[in-house]
Amino acid sequence: QVQLVESGGGLVQAGGSLRLSCAASGSIFSTNRMGWYRQAPGKQRELAATITSSGSTNYADSVKGRFTISRDTTMNTVFLQMNSLKSEDTAVYYCNVNTAGRLYWGQGTQVTVSS
């Protein structure tokens with residue numbers, strides 16, 4: 001069993017910052033990829049950023065230069081530092097881990113950016 005618990009969401013004004021955290025526990029293979037996906041109202045769930053156990057990162061074009069993903073591999077914890085937030089960033093953000101070819105999801109945390 002793998003558990004993912006997100007935290008750090010909330011309400012922030014446009015231009016502000018938030019830091020999301022995701023703590024993973026359970027049977028996670030040492031080679032894995034963790035990331036953040038988001039789902040805005042009326043939209044499909046989309047990738048925001050991912051990071052592998054070796055530190056390789058991938059960002060959606062919409063967040064490049066504003067968001068930074070990082071992780072503590074030893075503790076299987078992933079972070080998403082979100083700066084210069086826009087109203088378009090409003091969404092439920094979901095933590096994800098891909099380990100041993102299987103996908104696991106957290107419960108999601110709401111991020112609301114007011115304009």
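Visitor: Which residue forms a salt bridge with Lys64, and how do I read such a pair?

Guide: Side chains of opposite charge can pair when their charged atoms come close. A salt bridge is a side-chain nitrogen of Lys or Arg within 4 Å of a carboxyl oxygen of Asp or Glu. Here the partner of Lys64 is Asp61, and their closest N and O atoms are 3.1 Å apart. Do keep in mind that this is a predicted model: local features need pLDDT of at least 70 and side-chain atom pairs count only at pLDDT 80 or more, while totals for chains, interfaces and linings use all residues. Residues are numbered from 1 along each chain as its sequence is written, and side-chain values use heavy atoms, leaving out hydrogens and water.

Visitor: Are Lys64 and Asp61 buried or exposed?

Guide: Look at relative accessible area: under 20% is buried, over 50% is exposed, and in between is partly exposed (1.4 Å probe, protein chains only). Lys64 and Asp61 are both exposed.

Visitor: How many salt bridges does a search of the whole structure find?

Guide: The search turns up four. One of them joins Glu46 to Arg38, with 3.0 Å between the closest N and O atoms. Glu46, with a relative accessible area of 36%, is partly exposed, and Arg38, with 6%, is buried.

Visitor: Which residue meets the side chain of Arg66 in a salt bridge?

Guide: That is Asp89, at 2.7 Å from N to O. This pair links distant parts of the chain, 23 residues apart: Arg66 is in the loop between β6 (57-59) and β7 (67-72), and Asp89 is in the loop between β8 (77-82) and β9 (91-99). For the element names, helices (H or I, at least four residues) and strands (E, at least two) are DSSP runs, numbered from the N terminus. Arg66 counts as buried because its relative accessible area is 11%; Asp89 is buried too, because its value is 2%. Shared partners then join Arg38, Glu46, Arg66 and Asp89 into one salt-bridge network.

Visitor: How many disulfides does the structure hold, and what does the link join?

Guide: A disulfide is a pair of cysteine sulfur atoms within 2.5 Å. This structure holds one, joining Cys22 to Cys95 with an S to S distance of 2.0 Å. Cys22 lies in strand β3 (residues 18-26) and Cys95 in strand β9, so the link ties together parts that are 73 residues apart in sequence. The torsion about its S-S bond is about -85 degrees, so the disulfide is left-handed.

Visitor: Why is the pair of rings of Tyr37 and Trp105 edge-to-face?

Guide: Rings of Phe, Tyr and Trp (its six-membered ring) pair if their centres lie within 6.5 Å; planes under 30 degrees apart are stacked, over 60 edge-to-face, and the rest tilted. The structure holds one aromatic pair. The ring centres of Tyr37 and Trp105 are 5.1 Å apart and the planes stand at 70 degrees, so the pair is edge-to-face. It links distant parts of the chain, with Tyr37 in strand β4 (residues 32-39) and Trp105 in strand β10 (residues 102-105), 68 residues apart. Trp105 is partly exposed, at 37% relative accessible area.
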